[in-house]
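Thanks for coming. I have one chain to show today, and I will keep to its overall makeup and its surface.

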Amino acid sequence: MNILKTLTIVVISMVFIAGLPACEKKNSAEAVGEKIDETAEETGDILNEKIID
């Protein structure tokens, strides 16, 4: 059982280490998603201003 726990920890660690470099660069899908989020926030702010005024 101890070997299984050790193997599991090693595999999980390898997955996290392999994923770290992927987080450094923005890909086009992430950039588009951020633009959509910004646009939605701006639209919400405009609507709130129109409702309040």
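This is a predicted model: local features need pLDDT of at least 70, side-chain atom pairs count only at pLDDT 80 or more; totals for chains, interfaces and linings use all residues.

Residues are numbered from 1 along each chain as its sequence is written, and side-chain values use heavy atoms, with hydrogens and water left out.

The chain has two helices and zero strands, taken as DSSP runs (helices H or I, at least four residues; strands E, at least two) and numbered from the N terminus. Of its 53 residues, 0% count as buried, meaning under 20% relative accessible area with a 1.4 Å probe, protein chains only; exposed means over 50%, and partly exposed is in between.

Now helix 1, residues 2-24, where Leu7 sits. Leu7 is exposed, because its relative accessible area is 51%.

On to helix 2, residues 28-52, which holds Glu42. What is the accessible surface of the chain? About 5,200 Å², with 67% of that belonging to carbon and sulfur atoms (Shrake-Rupley method, 1.4 Å probe; for residues, only the protein chains shown count as cover).
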